[in-house]
Amino acid sequence: MADGRQELTSYEYRQLRARILAASDVCIVCGHGAANAVDHITPVSKGGARLDPDNLAPIHGVTGCPVCLRKCNSEKGDRPLADVAQLVTSVDWFAGP
Ligand SMILES: [Zn+2]
Ligand SMILES: [Zn+2]
């Protein structure tokens with residue numbers, strides 16, 4: 001666990017986070033904008049890649065969502081995105097518009 005903590009503040013991770021948020025700030029959990037953090041789509045503890053841009057997506061961090069006020073990152077916790085998205089939003093991320 002100490003390892004993961006270190007990774008979250010590493011230079012590579014911060015660069016990656018800035019890149020993800022520059023590309024999109026739409027939260028993967030609630031679907032609103034203004035996300036200020038990124039999270040792993042497949043948790044690292046479940047075998048997800050830690051520094052793979054494809055496994056990282058925007059999410060509302062400790063300050064929560066300004067629109068729905070959810071603390072998306074703590075709601076998601078260590079669960080895969082598919083679990084959480086079904087719980088907190090009716091948006092089907094895999095169906096398209
Ligand atoms: Zn959110
Ligand atoms: Zn929201």
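A nonpolar core here is a set of buried Ala, Val, Leu, Ile, Met, Phe, Trp, Tyr and Cys residues joined through C-beta atoms within 7 Å. The views come from a predicted model, in which local features need pLDDT of at least 70, side-chain atom pairs count only at pLDDT 80 or more, and totals for chains, interfaces and linings use all residues. Residues are numbered from 1 along each chain as its sequence is written, while chains are lettered from A and ligands numbered from 1 in the order in which they are written.

**View 1. The largest nonpolar core.** Within its 13 residues, C27, I28, V29, C30, A57, I59 and C72 touch the most other members. At least two residues each come from β2 (56–59) and α4 (81–88), and β2 gives the largest share, three residues. Buried means that 20 or more other C-beta atoms lie within 10 Å of a residue's own, exposed 12 or fewer, and partly exposed in between, with C-beta atoms placed from the backbone.

**View 2. Around I28.** Apart from neighbours within four places in sequence, I28 is in contact (C-beta atoms, placed from the backbone, within 7 Å) with A57, P58, I59 and L81.

View 3. Helices (H or I, at least four residues) and strands (E, at least two) are DSSP runs numbered from the N terminus. The number of buried residues among the 13 of α2 is zero, so this helix lies largely in the open.

Conventions: Two residues are in contact if their C-beta atoms, placed from the backbone, lie within 7 Å.
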